[in-house]
Amino acid sequence: STKDSRHVVNEVMKNALAFPECDLVLIAIREGDEVHLKAVGAGADRVEDHVLSEQVEYEHCMQQLDQGGAGVALAAYPDWLPAIENVAQCDGWLLFPLHISGLLKGFVVVGMTRARSVVHADYGWATQLVGRLSIALTRARWQADLYHQAHFDELTGLPNRVALKLALGQALERSRRHDTRVALLFIDLDRFKLINDSLGHAAGDRYLQ
């Protein structure tokens, strides 16, 4: 709960490879207008980052997961996903829905090189992995939402007075430490009350936005 979602995903993916059955993990999550993918294969020293171009296929996959609910075994690695290290070595694939705050937000693909010798009952580790990832991301999203509500104005989305005090305090501390100056620009809206009184608060809100 003290880390943002990017750190959570990276750490979970690296630790997932500790499972003997797991040789590749890929996570896809929509962020705004883009679908971001993180992938890591056994032996890799870092998590790869991709942006998915085939969003039509992604949406089709999401619709199937939304209807089916549980994870499913794939016949092959989906060709619309980016080719990453160890893809060719895996002979079994599992696809799981990824829920954040109770909503379907993406999916997880797990690849295995010894899939033919693993019975279905042994897939519990993968279900546990996805479940814990869901909990961690839900907590990270909750923390991010709380921070945003406390530090940003609900109407305009701009940093609020609390955020100003924090930023100004940090700037002043840096200036003292490095013997530099700090400039603060103050912008005032004259006669704003006239807009609310003559055109209504809705117009005043639009003006502020």
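A polar contact is a pair of N or O atoms within 3.5 Å; within protein, one must be able to donate a hydrogen and the other to accept it, and residues adjacent in sequence count only if both atoms are side-chain atoms. This briefing concerns a predicted model, in which local features need pLDDT of at least 70, side-chain atom pairs count only at pLDDT 80 or more, and totals for chains, interfaces and linings use all residues. Residues are numbered from 1 along each chain as its sequence is written, and side-chain values use heavy atoms, with hydrogens and water left out.

**Ends and length of α4**

- A side-chain oxygen of Asn 160 lies within 3.1 Å of the backbone nitrogen of Val 162, at the start of α4.
- Helix α4 (residues 161–178; helices are DSSP runs of H or I, at least four residues) has 18 residues and spans 25 Å from first C-alpha to last, close to the 26 Å expected at 1.5 Å a residue.
- Asp 179, with a positive phi near 55°, follows α4.

**Faces of α4**

- Ala 163, Ala 171 and Ser 175 are the buried residues of α4 (under 20% relative accessible area, 1.4 Å probe, protein chains only).
- Seen down the axis of α4, these residues fall within an arc of 100°, so they line one face of the helix.
- Their cover includes α3 (124–151).
- Arg 161, Lys 165, Arg 176 and Arg 177 are exposed (over 50%) on the other side of α4.

**Helices α5 and α6**

- The axes of α5 (residues 192–199) and α6 (residues 201–208) come within 6 Å and cross at roughly 140°.
- Residues of α5 in contact (heavy atoms within 4.5 Å) with α6 include Phe 192 and Leu 199.

Notes: Helices (H or I, at least four residues) and strands (E, at least two) are DSSP runs, numbered from the N terminus. The expected span of a helix is 1.5 Å times one less than its number of residues. The arc is that of the directions from the helix axis to the C-beta atoms. Axes are lines fitted to C-alpha atoms, for helices over the stretch in contact, and angles run from 0 to 180 degrees between N-to-C directions.
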